[in-house]
Structures are given as C-alpha cells and as structure tokens.
Amino acid sequence: MAVDALDAKILRLLLEQPRTSVREYARVLGVARGTVQARLDRLERDGVITAYGPRLSPTALDHPVLAFVHIEVTQGHLEEVAAALAEVPQIIEAFSTTGGGDLLTRVVARDPAHLEDVIQRLISLPGVVRTRTEVVLRERVPHRMLPLVEAVGGAAGHAGEARGRDGRPR
C-alpha cells in the first residue's frame with residue numbers, strides 16, 4: 001500500500017496527537033474533514049493503522065524488569081507452544097524467528113525472582129526444549145514509528161514533485 005505525503009502528515013498527527021479529533025486534523029492540514037476521514041479509513045483497511053489506544057508502561061504497572069526470552073521448540077509443536085505463551089500475562093509480545101531459537105518473547109516481571117518464576121513456567125510448557133534469557137539494562141531507542149512514517153512519506157512526496165529542466169523541485 002502506497003503512503004503519500006498527505007497520508008504521512010495524517011499519520012504524524014495521529015502519532016503526535018492521538019486524542020485530537022478528525023476535524024482538528026483537517027484544520028491543521030488545511031484539507032476537508034471528509035478527506036482526512038477517508039484517508040484514515042483507507043489506512044485502516046489497508047492495515048497501515050492496526051490499532052488505537054494508549055501505550056501502557058509495564059514499570060508503572062509494577063513490572064519494571066524487561067527481558068527477551070528466546071525459546072527453542074520441539075519440531076511440530078510451535079503452534080501449541082505459541083498458544084500456551086498467550087496464556088502467560090507477563091509475555092507482552094512473541095515472534096517466530098530464525099536463528100538460535102524458534103520464538104522470541106518480550107517478558108516483563110516485578111523483580112528478578114519473578115522473572116525466574118516466569119521463565120520456569122515457560123520451561124515447563126510441553127514442547128519447550130530450552131530458553132535463553134537476555135535482561136534489558138536500559139532502553140536506548142523507545143518504540144517509535146514516526147521516523148519510518150517520515151521516511152516513507154518523504155519518499156512519496158519527492159516522487160511526485162514537479163521538477164524543472166535542471167532537475168530541481170519547482
């Protein structure tokens with residue numbers, strides 16, 4: 001799905017000011033409210049926008065320890081292990097991966113002892129061969145989408161620009 005410069009501007013506003021109305025986005029962008037709404041509907045339909053809602057802090061929910069747990073799974077048991085992982089509340093994300101393990105999970109815990117309890121629970125799941133845990137010391141780049149939106153939107157904006165004989169934008 002192609003994201004053009006206007007889509008990128010809408011996405012930027014949505015990321016920076018998620019509680020603002022469509023009417024206000026339209027006013028800021030200088031376009032019709034219907035245009036903004038149609039663009040949002042298309043971005044949702046095309047899977048660019050996948051969810052709306054607040055980002056919650058595990059630390060504020062008394063789970064300040066963050067770890068990545070790699071899980072190696074017995075062949076043929078990936079789906080059942082993935083389903084079991086969905087039942088563990090401290091697993092906030094899980095991905096199938098290539099490389100040294102079959103699954104990579106992002107796990108939160110109250111403290112190191114609680115993290116150990118969560119890992120022991122994972123190890124006991126049928127189909128889990130072994131785990132490898134990496135504890136996060138500090139977040140260096142927080143989850144973000146705006147730079148990607150700007151890169152995609154910027155490329156889209158430049159592709160359609162009118163250029164003079166010298167190749168410069170008009």
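Figure 1. Helices (H or I, at least four residues) and strands (E, at least two) are DSSP runs that are numbered from the N terminus. Residues are numbered from 1 along each chain as its sequence is written, and side-chain values use heavy atoms, with hydrogens and water left out. Because this is a predicted model, local features need pLDDT of at least 70 and side-chain atom pairs count only at pLDDT 80 or more, whereas totals for chains, interfaces and linings use all residues.

**Figure 2. The largest nonpolar core.** A nonpolar core is a set of buried Ala, Val, Leu, Ile, Met, Phe, Trp, Tyr and Cys residues joined through side-chain atoms within 4.5 Å, where buried means under 20% relative accessible area, exposed means over 50%, and partly exposed lies in between (1.4 Å probe, protein chains only). The largest such core has 18 residues, and those with the most contacts inside it are Ile71, Leu85, Leu115 and Leu122. Two or more residues of this core are given by each of strand 1 (65–73), helix 4 (78–85), strand 3 (103–109) and helix 5 (112–123), with the largest share, five residues, coming from strand 1.

**Figure 3. Leu85 and its contacts.** Not counting residues up to four places away in sequence, Leu85 touches Ile71, Ile91, Ala94, Leu103, Thr105, Leu122 and Leu125, where contact means heavy atoms within 4.5 Å.

**Figure 4. A second core.** Leu11, Val36, Leu43 and Val149 are among the residues of a second, separate nonpolar core, which has 15 residues. In soluble globular proteins, nonpolar side chains tend to be buried together.

**Figure 5. The loop that holds Gln75.** Gln75 is placed in the loop between strand 1 and helix 4, and it counts as exposed because its relative accessibility is 78%. The C-alpha atoms of Gln75 and Asp102 are separated by 9.5 Å, although these residues are 27 residues apart along the chain.

**Figure 6. The loop that holds Met145.** Met145 lies in the loop between strand 4 (128–135) and helix 6 (146–159), and its relative accessible area of 37% is the reason why Met145 counts as partly exposed.
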